[in-house]
Amino acid sequence: MVDSFKKVLGLTLLIVSCSVSGCLGGDLGILGDDDNKGIPGSLALACLSSQKYTSMVIEIDYAPGYMPESSSTDLIKQRVSEVCDKPEGITVKLTETNFDNQGTWTADGVRSSGWEHKSNDPMTGSTLYWQAIFPQGTYNDDSVLGVAVDASTVAIFGDSVEEAKGPIFGRPSAEEVENSVLVHEIGHLLGLVNRVYTSPVDHEDKDHPGHSNNEDSVMYWAVESSDIGNIISGDLPDEFDQDDKNDLSGMKSGEIETTDQLWRP
Ligand SMILES: [Zn+2]
């Protein structure tokens, strides 16, 4: 009993430290406004609205051998198109990329490598560019599966995703984990949860800032954690729940006030 309590406590502490330091590693005051890269959520309105940005490219830069599953790239295109208005379309652009770093990553390292390899400025003409890098190596906290480091840049750590698959018959599979983590990180670029606004509904997990308390939402706090396979053994959430979607439509309509935006309609 005591042992299992200790185990649960240890696991909880691990997850808490991961979600505070890791998943949103880039937005904890590291970025100044001067570099114009913004924080996760700073290009939420640019995505949600079609007033200026009528098309969007989701740029996937992957290290050799780390190309994401096509189910992940199909899903992210679908999930973004469900919430963002892009009449000229959303394109996923895959590029094999040699990153200098193949070891341990920091939020700063993800940001600088990301920007080094971006094909375009995030706001180019009428096209919005968001980028997910899939590098070799792990985050400095290797229980972190993915991070959102600024307004347009996320990273997914394939080695950690591979290890995070579930213990029972491989459920959830590494592919399912990758599907969910990619949507989760892009959800942070949309400002979820309460990153650049305050939801009228109390659905932010009080112990995991920036995350949902609903285990059926892809923004559920455990989705970023390598313990996800131990926490959820069945189907992982891979979509935004109704509260998430209501937040996004409120931000778009202006009913919900937004902060830190790099562009406004
Ligand atoms: Zn997260």
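Start with Asp 260. It is partly exposed, because 18 other C-beta atoms lie within 10 Å, and the buried class needs 20 or more. Keep in mind that this is a predicted model. Where is Asp 260? It sits in the segment after α8, the helix that covers 242–253. Now its backbone. Phi of Asp 260 is near 60°. That is a positive value, and the residue is not a glycine.

Next, Asn 194. Here too phi is positive in a residue other than glycine, with a value near 65°. Asn 194 belongs to the loop between α6 and α7.

Which peptide bond is cis? The one from Leu 192 to Val 193, with omega near -15°.

Now step back to the whole chain. How many helices and strands does the chain have? Eight helices and eight strands. The chain has 265 residues, and 51% of them count as buried. Then the contacts. Take those between residues at least 6 apart in sequence. Of these, 72% join residues at least 24 apart.

To recap the local points: a cis bond from Leu 192 to Val 193, a positive phi at Asn 194, and a positive phi at Asp 260. Over to you for questions.

Note on methods
Residues are numbered from 1 along each chain as its sequence is written. This is a predicted model: local features need pLDDT of at least 70, side-chain atom pairs count only at pLDDT 80 or more; totals for chains, interfaces and linings use all residues. Helices (H or I, at least four residues) and strands (E, at least two) are DSSP runs, numbered from the N terminus. A residue is buried if 20 or more other C-beta atoms lie within 10 Å of its own, exposed if 12 or fewer, and partly exposed in between; C-beta atoms are placed from the backbone. Two residues are in contact if their C-beta atoms, placed from the backbone, lie within 7 Å.
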